[in-house]
Amino acid sequence: VPTPLAGSEPLIAPQAGLVAYRRRPGDRVSEGDVVADILDPETGRSTPVVAPTGGLLYARSGSRFAYSGKRLGKVAGTTIRRTGKLLSP
């Protein structure tokens, strides 16, 4: 089912660390589902990365290392949440 470009939401790393994905591209997620965990190698603490919207997980970073603010993937949702320039690198 097609979704609007404005309904695509990025998954953003809340902190630096190692990425452990729980979901694969092509999986359906609900808003608030845990898609990945960021593991801090110094403390062993795990921080969840949750889906900002419900929809299809269609992209995921190939790197298993994250820095704070890094895009880890994208979810194609049906609710329009973004405006302005929607195509970005």
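1. R28 stands opposite L56 in β6. The C-alpha atoms of L56 and R28 are 4.6 Å apart in space, although 28 residues separate L56 from R28 in sequence. The model is a predicted one, in which local features need pLDDT of at least 70 and side-chain atom pairs count only at pLDDT 80 or more, while totals for chains, interfaces and linings use all residues. Residues are numbered from 1 along each chain as its sequence is written, and side-chain values use heavy atoms, with hydrogens and water left out.

2. With a relative accessible area of 28%, L56 is partly exposed. On this scale buried means under 20% relative accessible area, exposed means over 50%, and partly exposed lies in between, for a 1.4 Å probe and protein chains only. Leaving aside neighbours within four places in sequence, L56 is in contact (heavy atoms within 4.5 Å) with G26, D27, R28, K74, V75 and A76.

3. Which strands make up the sheet with the order β1-β8-β6-β3? As the order states, β1, β8, β6 and β3 form this open sheet of 4 strands, and the pairing is antiparallel. Here two strands pair if DSSP finds at least two bridges between them. β1 (8–12) and β3 (28–29) stand at the edges, each with a single partner strand, so one side of each is left without a neighbour in the sheet. Strands β6 (residues 55–60) and β8 (residues 71–76) are joined by 4 bridges, whereas β3 and β6 pair over 2 bridges.

4. R60 has a bridge partner in β8, namely G73.

5. The largest nonpolar core has 14 residues. Such a core is a set of buried Ala, Val, Leu, Ile, Met, Phe, Trp, Tyr and Cys residues joined through side-chain atoms within 4.5 Å. Those with the most contacts inside this core are L11, V19, V35, I38, V49, A66 and L72. Two or more residues come from each of β2 (17–21), β4 (34–39) and β8; β4 gives the most, with 3 residues. As general background, nonpolar side chains tend to be buried together in soluble globular proteins.

6. What does L11 touch, not counting residues up to four places away in sequence? The list comprises V35, V49, V50, A51, P52, L57, K70, R71, L72, G73, K74 and V75.

7. The count of salt bridges comes to 3, where a salt bridge is a side-chain nitrogen of Lys or Arg within 4 Å of a carboxyl oxygen of Asp or Glu. In one of them, the closest N and O atoms of D37 and R22 are 2.8 Å apart. D37 lies in strand β4 and R22 in the loop between β2 and β3, so the pair ties together parts that are 15 residues apart in sequence. D37 counts as buried, at 11% relative accessibility, whereas R22 is exposed, at 52%.

8. D33 forms a salt bridge with R23, with the closest N and O atoms 3.4 Å apart. This pair links the loop between β3 and β4, which holds D33, to the loop between β2 and β3, which holds R23. Both residues are partly exposed: D33 has a relative accessible area of 22%, and R23 one of 23%.

9. The salt bridge of R81 with E31 has its closest N and O atoms 3.2 Å apart. R81 lies in the segment after β8 and E31 in the loop between β3 and β4, so parts that are 50 residues apart in sequence are tied together. R81 counts as partly exposed, at 40% relative accessibility, and E31 as exposed, at 52%.
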